[in-house]
Amino acid sequence: MVERSYLEQFQPSLEDIKRHLRVTSDDLNDTLKLYLRAAIESAEKHIGKVIAVSEFTYSGWFVRSFDMLGPFRKVVSVAVDDRKLESDDYTIERRTLIIHPEITGERLTVIYEAGYSQVPFDMKAAILLTAAKFFNNPVDSVESLPSVAKNLLRPYRTWGIEDGSDC
């Protein structure tokens, strides 16, 4: 099972979406945060990468190699059967964590960070457009991203194996 915790303020921010929608009141802040988060997660699903800088915790059966989501930033900790491993007990190739063969166990816990340190402008625009669609059509079923958002996200979409290290 993988759990996610957001580490930094979203890019684009609440202030960005309020400016985009020309909202001056703070009455809608909670709703706008929800739409912004939904738009970011929709964009992430579309491109196959993590946008918002987040910490991920995998806790499950022991596996010798573990693929982390990209763009990968850093490993926070690795533990096998609740015993913390040292950095020389594993290697990282691109965004795959590989446990050395002499280490065995039943359970693996990996905590790592992923996400864009600086979200590109076209990606921010796509997120703002999607959040605005959620805001302007709250009862309409939003079955996909707006076409312009898809076009803005196209260069970032993952089509094969890649590590997201260019982010």
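These are my notebook entries on a predicted model of a single chain.

**Ground rules.** I number residues from 1 along each chain as its sequence is written. Because the model is predicted, local features need pLDDT of at least 70 and side-chain atom pairs count only at pLDDT 80 or more, while totals for chains, interfaces and linings use all residues; side-chain values use heavy atoms, with hydrogens and water left out.

**Confidence.** I looked up pLDDT, the predictor's confidence in each residue on a scale from 0 to 100, and found a chain mean of 90, with 91% of the residues reaching 70 or more. Over residues 162-167 pLDDT stays under 50, and for that stretch the model has 11 contacts beyond four places in sequence, where contact means heavy atoms within 4.5 Å.

**Overall layout.** I took helices (H or I, at least four residues) and strands (E, at least two) as DSSP runs numbered from the N terminus, which gives four helices and eight strands. Read along the sequence, the pattern is β-α-α-β-β-β-β-β-β-β-α-α. Along the principal axes the C-alpha atoms fill a box of roughly 60 × 30 × 25 Å. Of the 167 residues, 43% count as buried; buried means under 20% relative accessible area, exposed over 50%, and partly exposed in between, with a 1.4 Å probe and protein chains only. Among contacts with a separation of 6 or more, 73% come from residues 24 or more positions apart.

**Helix 1 against helix 2.** I next examined how helix 1 (residues 14-21) packs on helix 2 (residues 29-47), and noted an angle of about 100° with the axes 10 Å apart. The axes are lines fitted to C-alpha atoms, for helices over the stretch in contact, and angles run from 0 to 180 degrees between N-to-C directions. The two helices are therefore roughly perpendicular to each other, given that 65 to 115 degrees counts as roughly perpendicular, under 35 as roughly parallel, over 145 as roughly antiparallel and the rest as oblique. Leu-14, Ile-17, Lys-18 and Leu-21 in helix 1 meet Asn-29, Leu-32, Lys-33 and Leu-36 in helix 2. I sorted the residues of this contact into five nonpolar, one polar and two charged, with Ala, Val, Leu, Ile, Met, Phe, Trp, Tyr, Cys and Pro as nonpolar, Asp, Glu, Lys and Arg as charged, and the others, Gly among them, as polar.

Strand 3 is joined to strand 7 (residues 96-99) by three bridges, and I noted Leu-97 as the bridge partner of Phe-66.

**Strand 8.** Six of the eight residues of strand 8 (residues 107-114) are buried, so this strand is largely enclosed by the rest of the structure. Strand 2 (residues 54-61) runs antiparallel to strand 8 and is joined to it by eight bridges, with Arg-107 as the bridge partner of Trp-61. Strand 4 also runs antiparallel to strand 8, through seven bridges, and there Val-80 stands opposite Leu-108.

**Met-68.** I picked out Met-68, in the loop between strand 3 and strand 4, which is buried with a relative accessible area of 0%. Leaving aside neighbours within four places in sequence, Met-68 is in contact with Val-75, Ile-92, Arg-95, Thr-96, Leu-97 and Tyr-112.

**Backbone exceptions.** Most residues other than glycine have a negative phi, and most peptide bonds are trans. Arg-22, in the loop between helix 1 and helix 2, has a positive phi of about 60° and counts as exposed at 76% relative accessibility. Arg-94, in the loop between strand 6 and strand 7, likewise has a positive phi of about 60° and counts as exposed at 55%.

Definitions and conventions: Pairing = 2+ DSSP bridges.
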